[in-house]
Amino acid sequence: MYDIEHYKKIFDQYGGMMRTAQLEAEKVFYVRRQQLIDDGYIEKIHPGCYQWVDHENFSEVVTIGQLFPDAILCMDTALRYYGYSDRTPGNWHLAVSKDSGKSRFKIDYPFVKPYYMEPAVLELGLTFGEIDGHSVRIYDKDRVICDCLRYRNKMDKEIFNKAIQSYVNDPGKSVPKLLEYAGPLRIRKIAKDLIGVWL
């Protein structure tokens, strides 16, 4: 029998998730990894990425941050965060560079939906928030609404309408900022027409 606590402590140092290189640096080699998987202590969530099962500080947001440190929470995930939607999305909606490899998003868990952006506009409206006590990269409210306008034909109409109404009624909105973002995102006319009607 091996010392489970020893391996749990190693995983705890890495927030409950480790990559193969980190495991090997900690001298947790293939045979032991397989044994930990077979005994139900760890699970492979992605090629080269392992997670301690039932880690006490576990949060999907930590997994997202470790697997996709370059991603920015957007669309439905950001709408829910700001209270612009009351639906909990089935996927984590992530904005990433269009130059990102597509295969990295083909994972069994957690469920993710990537939005591929031009690198020039990827960080437009980037801010930081907090989910489950963890810092996250997320678009500000004005950028989120710009993206809703860009993807309006692919969005659920009810979610879209509620998002726009919630934004219009939000005292924390900044229409000048929204219009500033709308230029590089090439939706200035739509933004003026649609938001103007609601205002």
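Helix α9 covers residues 175-182. Its buried residues are V175, L178, L179, Y181 and A182. Buried here means under 20% relative accessible area, exposed means over 50%, and partly exposed is what lies in between, with a 1.4 Å probe and protein chains only. Seen down the axis of α9, the buried residues fall within an arc of 160 degrees, so they line one face of the helix. The arc is taken over the directions from the helix axis to the C-beta atoms. On the other side of α9, P176 and E180 are exposed. An α-helix has 3.6 residues a turn, so residues three or four places apart point the same way.

This is a predicted model, in which local features need pLDDT of at least 70 and side-chain atom pairs count only at pLDDT 80 or more, while totals for chains, interfaces and linings use all residues. Residues are numbered from 1 along each chain as its sequence is written, and side-chain values use heavy atoms, with hydrogens and water left out.

The chain has 10 helices and eight strands. Both are DSSP runs numbered from the N terminus: helices are H or I with at least four residues, strands are E with at least two. The C-alpha trace spans about 70 × 30 × 25 Å along its principal axes. Of the 199 residues in the chain, 44% are buried.

Helix α7 (residues 141-150) shows another pattern of burial. Eight of its 10 residues are buried, so α7 is largely enclosed by the rest of the structure. They are D142, R143, V144, I145, C146, D147, C148 and L149. The charged end of R143 sits over the ring of Y139, 4.1 Å from its centre. A charge sits over a ring if NZ of Lys or CZ of Arg is within 6 Å of the ring centre and within 35 degrees of the ring normal. K102 likewise lies over the face of Y116, at 4.2 Å from the ring centre.

A search of the whole structure finds zero disulfides. The cut-off for a disulfide is a pair of cysteine sulfur atoms within 2.5 Å. C74 is in no disulfide, and the nearest cysteine sulfur, that of C148, is 9.3 Å away. Seen from C148, the closest cysteine sulfur is the one in C74, too far for a bond. C74 is buried, with a relative accessible area of 0%. C148 is buried too, also at 0%.

Next, the aromatic rings. The whole structure holds eight aromatic pairs. Rings of Phe, Tyr and Trp (its six-membered ring) pair if their centres lie within 6.5 Å; planes under 30 degrees apart count as stacked, over 60 as edge-to-face and the rest as tilted. Y84 and Y167 form an edge-to-face pair, 6.3 Å centre to centre with 80 degrees between the planes. Y84 lies in the loop between α5 (75-81) and β5 (92-97), and Y167 lies in helix α8 (residues 157-168), so the pair ties together parts that are 83 residues apart in sequence. Y84 is buried at 2% relative accessibility. Y167 is buried at 0%. Ring pairs link Y81, Y82, Y84 and Y167 into a cluster.

Helix α5 also takes part in the largest pocket. α5 gives the largest share of the lining, three residues. In total, 13 residues line the pocket, and T77, T88, P89, N91 and W92 lie nearest its centre. The space inside is about 250 Å³. A pocket is an open set of points on a 1 Å grid over the protein atoms alone, with protein on both sides within 12 Å along at least five of seven lines; lining residues have an atom within 4 Å of a point. Grid points are joined across faces, edges and corners, and the volume is the space filled by probe spheres set on the points.

Two loop residues close the tour. Most residues other than glycine have a negative phi. D132 has a positive phi, near 55 degrees. D132 lies in the loop between β7 (126-131) and β8 (134-139), and is exposed at 58% relative accessibility. R186 has a positive phi near 60 degrees. Its place is in the loop between α9 and α10 (188-198), and R186 is exposed at 68%.

Key: 1 Å grid on protein atoms, 1.4 Å probe; cavity = no way out; pocket = protein on both sides within 12 Å on 5 of 7 lines; lining within 4 Å.
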